[in-house]
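Have a look at the fold as a whole before we get to one local detail.

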Amino acid sequence: MSGAMQEVRAVATGEVLGAVPLTGADEVAAVVARAREALRGWRRAAPHERADLLRAGSAALGTPETVERLAALHARESGKVIAQARHEIRGAARLLEANAELGRMWTGTIAPTGALPGGENDLTLVEQVPLGVVVTVIPFNFPVELMLEKAAAALATGNVVIVKLPPQNPLATLETVRILHAAGVPEGVLQAVAGDTAMAAALCSVPGVDAVSLTGSVGAGVAVATSTAALLRPLHLELGGNGAAIVLPDADLDLVVSETLRGRLLMNGQACAGTKRVLAHRSVAAELTARLEAALRPIAAVDPVLEDARLGPLIDAGAAARVHTQVERAVSEGATRVLGESRETPAGPDARPGSPWFVPTLLAGVPASAAVAIDDEIFGPVFTVVPVDDADQAIDVANASSLRLTAAVFSADLPQAMGIAQELDFGGVVVNGTNNYRPPVVPFGGVALAGAGREGIGYTIEELTRSRFIALKGLRTRRAQP
């Protein structure tokens, strides 16, 4: 390492939590060389041997003491409320366990060579093999869970992994890597590095890396795709989302409010699959807005370690400033601010200049042509209600975005809701529930600029392995003709 250190502070209080060593762009080649050396033994290990180590890591990560310790650290460095932080750590441990078992049983097929004349005597095995050295670029919003979403699948099938830590909040993720090392996963097999943008760019494009799995902004995804284009390196990209919820006249508005709040407030509004556009039929838009306002007014941004916290600060002051700018733009384009402040709001336990705090904000009457109704994804606790005339307009507005990750439809008429769901060109659609829906068993991913590839138990493994055939010519004795 270069010897330089990055200091990490609590988002809510500014308290110093620790520091991480920084890797320079000129040190990336050595990191990759270490990974390639470790790959030799790891890919040859029996699946049950890799699975045993991952299960040991899952057990260590999932103990009540470890969950509590990591969740507290995560909440303080990220601003994520403590209940959500605990849920993330437990979910990460389950991902390790599930991928360990799936990797242990991962198998191939036999190609039907006898389907065509001349292949009757051959036997062709089709197997799934690891890609090799996989770089995983992790975002700040769900760092522990997303690191293991990628790394557990990669490791279980014989890849080795280099984790690029999120610069804003690296501590809990780095500690998770150390827990896996202590459980027996070799350090060269799973490495974690912190560094600046130049280091990240070098890591994704240096020779010796076989694939990149990135969760982050559209800009980051495009940059990686551009820098690696000449290498034709496999990319697995989970990028932004401007999720839409279509609310029809017969929808249960209480359900719409509770589900929208639950999905939108996750990680303080900084979730790619959050409900960022509520496309409400004009006949119910005003009533829905009033109900959303009543539900949001009691919610305050507080220190995320408090047990009853529902909303914490944004990841940093820059994030709050960006959300403020986006809200002001929406107002200038015709939206009405029903709830929220006309400036960044230092309304937390530590009201510092350049504050990361942002109060819940509700925008009504948002024109369908406004930027926030199309591609201006707001990463913060902002609710936008876009009135629409009918289901057809709602579908058109939803599909107009290039950030088509997940969507939702609320209606008592299930056949109608299903018909609308099938016309929504998104990676996933939820009927009568928040579109912020990501159980680990679904193929999670987007369309267009929302990304490429799918994550989930089994689906991530498919992204991080490739098929290879081995043909044994003339192995069989030809049987007599019928």
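## Burial and surface

Of the 482 residues in the chain, 53% are buried, meaning under 20% relative accessible area with a 1.4 Å probe and protein chains only. This is a predicted model, where local features need pLDDT of at least 70, side-chain atom pairs count only at pLDDT 80 or more, and totals for chains, interfaces and linings use all residues. Residues are numbered from 1 along each chain as its sequence is written, and side-chain values use heavy atoms, with hydrogens and water left out.

The accessible surface is about 19200 Å² (Shrake-Rupley, 1.4 Å probe), and carbon and sulfur atoms hold 56% of that area. As for charge, there are 41 positive side chains and 51 negative ones, with the centres of the two sets 7 Å apart. Lys and Arg count as positive, Asp and Glu as negative, while His and the chain ends are not counted; each charge is placed at NZ of Lys, CZ of Arg, CG of Asp or CD of Glu.

## Overall build

The chain has 14 helices and 20 strands, taken as DSSP runs (H or I, at least four residues, for helices; E, at least two, for strands) and numbered from the N terminus.

Along the principal axes, the C-alpha atoms fill a box of roughly 75 × 65 × 45 Å.

Strands β1 (residues 5-9) and β2 (residues 16-21) pair antiparallel over 5 bridges, where pairing takes at least two DSSP bridges. Arg9 sits opposite Val16 in β2.

Notes: Buried means under 20% relative accessible area, exposed over 50%, partly exposed in between (1.4 Å probe, protein chains only).
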